[in-house]
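This briefing concerns the packing of helices in a predicted model. Please look at the sequence and the structure before reading on.

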Amino acid sequence: MSRFFNGDLSALSAYVPGEQPKDAEFIKLNTNESPYPPSAGVLKAAEEEAKKLRLYSDPDGRNLRKALAENYEVRPENIVLGNGSDEILSFCFQAFGGSGAEFIFPDITYGFYPVFAKLYGVKFSEMPLDERLFINPDDYIGKNKNIIIANPNAPSGIYMELDIIEKIAATNPDNVVIIDEAYIDFGGESAAKLINKYDNLIVVQTFSKSRSLAGARLGYAITNSALADDLNKIRCSTNPYNVNRITLAAGEAAIREQDYYDENCKKIIETREWTKEKLKALNFSFPESFANFIFAKRDGAKGAFLYNELRKRKILVRHFNNEKISDYLRITVGSREEMEALICALSDIIKEGDELK
Ligand SMILES: *Cc1c(COP(=O)(O)O)cnc(C)c1O
């Protein structure tokens, strides 16, 4: 830190993203990307749009918002676009933080929430998950606080039924309730259909996980037009061209080819269920995942040990240095071949471990 750095932020520790190795020698199961490429129409649209890079992007992202609105049966004014859903979340903390406001979220969840809260000086409390890593709905019902919940939650993969989300929105009418649905396309039901019923509800989604566009950086909020205006006020006070031209075109093409991505999600769910069975056979346990990852542990095997052994075998998974979950590995569901390699490597590691005993 230089002596010029904002003293109010000196205690800030930045979000640490999963490793992105430069070479392709690793099987990458650490950042929940899709194993499948973007659809043909997306690649074509991106290539065409590149020819127009001389010009600024549409600051209103009109074509993409229209396509998304049709997809979710809402109006374009219900959609706010972000440079990844991370940016939408950042806008939320800025727009609804302020003095006196307080956010609550689970103690084990997406690591960016406390980082944003600290960056913007927003008060927050972390509600502990139970020992099975479930959210206790009572922690959020009628609390008169701003709420942010990832559903399915990360890194547990546990999905909360929509009627509980609805109850949380209904019983906190004077606060925003933000549902981060980064993984909703892998088996859950979106709360997007509730935005006209609850004027405090913001649903956040992304093109990074189910639509194979992590590198394009595209996320969005689905909410009522008043909350959308608030988020857009922050967006336009930060960077009105926050989503670049190529990404806007790619996103629109992806929505037009939604069938391809639905098919990919189906494949990923099948591979997830296959992997669960294989992991069970190796004595791993995990909460029921509704996401494109499995949060697994094995009695007697340290998470860090398994992580390192897999890494030696050129397989990257995610391990968190948080005491409550340090025994677990978060394993992205890749292609069937990648998961076969993972199971093979884990069998090896376990066999060697048993022989050492
Ligand atoms: C991956 C992820 C995001 C961020 O996604 P981007 O759209 O790539 O910024 C947000 N929330 C959760 C829970 C995630 O896992």
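How do the axes of α1 and α7 cross, and within what distance do they come? In this predicted model, the two axes come within 8 Å and cross at roughly 150°, which makes α1 roughly antiparallel to α7, since angles over 145 degrees count as such.

**Helix α7 itself**
- Helix α7, residues 245-256, has 12 residues and reaches 17 Å from its first C-alpha to its last, close to the 16 Å expected at 1.5 Å a residue.
- Nine of the 12 residues of α7 are buried, leaving the helix mostly covered, and among them are Thr-247, Leu-248, Gly-251 and Ile-255.
- These buried residues pack against α1 (40-50), α2, β2 (79-82) and α8 (258-281).

**Contact with α1**
- α1 passes α7 in a right-handed crossing, and by class their contact has nine nonpolar, one polar and two charged residues.
- On the α1 side, Gly-41, Val-42, Ala-45, Ala-46, Glu-49 and Ala-50 meet Arg-245, Ile-246, Ala-249, Ala-250, Ala-253 and Ala-254 in α7.

**Contact with α2**
- The axes of α2 (residues 62-72) and α7 come within 9 Å and cross at roughly 25°, which makes α2 roughly parallel to α7.
- α2 passes α7 in a left-handed crossing, and the contact of the two helices has five nonpolar, three polar and three charged residues.
- Asn-63, Leu-64, Ala-67, Leu-68, Glu-70 and Asn-71 in α2 meet a set of α7 residues made up of Leu-248, Gly-251, Glu-252, Ile-255 and Arg-256.

How values were computed:
Residues numbered from 1 in each chain as written. Predicted model: local features only at pLDDT ≥ 70, side-chain atom pairs only at ≥ 80, totals over all residues. Heavy atoms only, no water. Axes fitted to C-alpha atoms, helices over the stretch in contact; angles between N-to-C directions. Helix = DSSP H or I, 4+ residues; strand = E, 2+ residues; numbered from the N terminus. Parallel < 35°, antiparallel > 145°, perpendicular 65-115°, else oblique. Left-handed = near helix turned anticlockwise from the far one by under 90°. Contact = heavy atoms within 4.5 Å. Nonpolar A, V, L, I, M, F, W, Y, C, P; charged D, E, K, R; others polar. Expected span 1.5 Å × (residues − 1). Buried < 20%, exposed > 50% of the residue type's maximum accessible area, 1.4 Å probe, protein only.
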